[in-house]
Amino acid sequence: MYSFDLVLLLLQQMCVFLVIAWLMSKTRLFIPLMQVSVRLPHKLLCYVTFSIFCILGTYLSLQIEDSLANTRAIGAVMGGLLGGPTVGALVGFTGGLHRYSMGGMTAFACMVSTITEGLLGGLLHSMLIRRGRPDKVFSPLTAGGITFVAEAAQMAIILLIARPFSDAANLVSSIAAPMMVTNTVGAALFMRILLDQRAMFEKYTSAFSATALKVAASTEGILRRGFNEENSMKVAQVLHQELDIGAVAITDREKLLAFTGIGDDHHLPGKPISSHHTLRAIETGDVVYADGNEVPYRCSLHPQCKLGSTLVIPLRGENDRVIGAIKLYEARNRLFSSINRTLGEGIAQLLSAQILAGKYEHQKTLLAQSEIKLLHAQVNPHFLFNALNTLKAVIRHDSERAGNLVQYLSTFFRKNLKRASEVATLADEIEHVNAYLQIEQARFQSRLRVQLLVPDELAHRQLPAFTLQPIVENAIKHGTSQLLGVGEIMLRARSEDGFLVLEIEDNAGLYQPQEDTHGLGMSLVDKRLRARFGDGCGMTVTCEPDRFTRVTLRLPQEELAC
């Protein structure tokens, strides 16, 4: 048999080998092989995969005298090149042992040479990794080059081990060139298959990630503002544009909230849900895919509707309860792409998280409002009782001052009635606090001194309403009122590194952090600030016993939304 004829026959066998490799590359089995194997599970997969190819190369061999011309080297070298020396040696041993079991003059020599081929691929792997060139591992030229060297080593091993020598030399002269050419080309093409599959995978992943990021960025926060028709329509329009599909619908458990795309003339928001696919998804909590072929789909509203398939994904709220569904549609002449099907489920999770976060924030707001109302209920009767007793005492000897106190009392309660806005200027807060302090000064007379040091340029700064008064009240009630001497209250405001810093200081120094029975007001202020502006803002307390207690509030200086 001429060498050229043998090359053609081996190339034919190699084509079968590579077709099998190409088919396997379309499975998940090949995904870990698209990168250098480091983790043990990936190394095991690499060993099993290339051991199979190594054995397959032996089965797809040609009988030449008392030996086999084959493509076994491709499996051994590729196993070592992608998995390292240990994997290469094990693949070579497995493939070599299989070849040895088939017998023949070169059985032992082929076993040794197959192990050597795996080791050569593994040693090149280690050298490239140490040099910081893992990219070269996936080069078809690298794969072809090391396979050529490995096949040359195999011929040398056959000459050294196989006997009689004359028969070994005659065999090598017949098969050396065909096997070196075929295995070299085969290894390079095998690596090319891996590279093409990796490029396709990266392209798919890149497209998926880019679309997912655009959808996430475009829909961020919309449903946090409420799961209603207006916000649902905004989200549906974004999805329709970014996913390039026939139509998008969003429902709650009972009615259609939004619809955009093909069929928007008869799929009208506000109408009750009529699709049995949607009702089934909401009832069972499962994703429902009606492709129009295996699972029939027909519009339940209009017989001439051009929509031909639908994907219904449940939206979930608290305790994983289904609160609605997102529906993606394609026209009759189009099928769902796999990326849109996968994205649809991810988007449903994203929107579910937004809805849940919005409900949580709404509940936090209601809770804060309830706490403020509770605080008012505690403050007002107690304060009113003290204020009326003070007025009773002042009226007897200073009617003019009594009139001023009535005015301050009116201001104090008028400011309280405006707390629902939740946002006030610093000037409003100071007016509120000053009204309170004027009444307290009338009560304690010369035993209480007050300083308000607030620059005019900060008066327009905004902050959550009812922020200062609970702190000032606490400083008097649990601080200066306990002193035998003169109590002093100082309120300062300043700008610092882009923040508005407010300090309320008393000269009692009686703050005890372990006692929180009287700390509802202070705790609520701190909680409100941190919930609204983050942990970089909020309240800190500094106390030097019997000297001072200083409460510092830190807020951003930007304008707040009412």
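Predicted model: local features only at pLDDT ≥ 70, side-chain atom pairs only at ≥ 80, totals over all residues.
User: What counts as a helix, and what counts as a strand?
Analyst: Helices and strands are DSSP runs, numbered from the N terminus. A helix is a run of H or I with at least four residues.

User: How many cavities of 30 Å³ or more does a search of the whole structure find?
Analyst: Rolling a probe the size of a water molecule over the atoms shows where empty space is left. Here the search covers the whole structure. With a limit of 30 Å³ or more, the number of cavities found is two.

User: Which residues lie closest to the centre of the largest cavity?
Analyst: The largest cavity has a volume of about 180 Å³. Its lining is made of 19 residues. Closest to the centre are Leu 256, His 267, Ser 274, Leu 301 and Lys 327.

User: Which strands each supply at least two residues of the lining of the largest cavity?
Analyst: By class, the lining of this cavity has 10 nonpolar, seven polar and two charged residues. Now look at the strands. At least two lining residues each come from β3 (247–252), β4 (256–261) and β7 (322–331).

User: How many residues of each class line the second largest cavity?
Analyst: This cavity holds about 40 Å³ of space. Its lining is Phe 444, Arg 447, Leu 448, Thr 480, Ser 481, Leu 483, Gly 485 and Gly 487. Sorted by class, the lining has three nonpolar, four polar and one charged residues.

User: Is α2 roughly parallel or roughly antiparallel to α3?
Analyst: α2 (residues 40–59) packs on α3 at about 165°, and the two axes are 6 Å apart. Angles over 145 degrees count as roughly antiparallel. That angle therefore makes the pair roughly antiparallel.

User: How does the contact of α2 with α3 divide by class?
Analyst: α2 passes α3 in a right-handed crossing. On the α2 side are Lys 43, Cys 46, Phe 50, Phe 53, Cys 54, Gly 57 and Thr 58, and they meet Arg 72, Gly 75, Ala 76, Met 78, Gly 79, Leu 82 and Gly 83 of α3. The count is seven nonpolar, five polar and two charged residues.

User: At roughly what angle do the axes of α3 and α4 cross?
Analyst: Helix α3 covers residues 72–83, and helix α4 covers residues 85–101. Their axes come within 7 Å and cross at roughly 160°. This makes α3 roughly antiparallel to α4. The angle asked for is roughly 160°.

User: How many residues of each class make the contact of α3 with α4?
Analyst: The crossing of α3 and α4 is right-handed. α3 brings Arg 72, Gly 75, Ala 76, Gly 79, Gly 80 and Gly 83, while α4 brings Val 87, Gly 88, Val 91, Gly 92, Gly 95 and Arg 99. Gly counts as polar. The classes come out as three nonpolar, seven polar and two charged residues.

User: Is α12 roughly parallel or roughly antiparallel to α13?
Analyst: The axes of α12 (residues 426–444) and α13 (residues 469–477) come within 10 Å and cross at roughly 15°. Angles under 35 degrees count as roughly parallel. So α12 and α13 are roughly parallel.

User: Which residues of α13 does α12 meet?
Analyst: α12 passes α13 in a right-handed crossing. α12 makes the contact with His 432, Val 433, Tyr 436, Leu 437, Glu 440 and Phe 444. Their partners in α13 are Gln 469, Val 472, Glu 473 and Ile 476.

User: Where is Pro 164?
Analyst: A cis peptide bond joins Arg 163 and Pro 164, with omega about 5°. Pro 164 has its place in the loop between α6 (140–161) and α7 (165–219).

User: In which loop does Gln 445 lie?
Analyst: Gln 445 is not a glycine, yet it has a positive phi of about 55°. It lies in the loop between α12 and β9 (448–453).

User: Where is Asp 244 found?
Analyst: Asp 244 also has a positive phi, about 50°, although it is not a glycine. Its place is the loop between α8 (229–243) and β3.

Definitions and conventions. Residues numbered from 1 in each chain as written. Heavy atoms only, no water. Axes fitted to C-alpha atoms, helices over the stretch in contact; angles between N-to-C directions. Parallel < 35°, antiparallel > 145°, perpendicular 65-115°, else oblique. Left-handed = near helix turned anticlockwise from the far one by under 90°. Contact = heavy atoms within 4.5 Å. 1 Å grid on protein atoms, 1.4 Å probe; cavity = no way out; pocket = protein on both sides within 12 Å on 5 of 7 lines; lining within 4 Å. Points joined across faces, edges and corners; volume = space filled by probe spheres on them.
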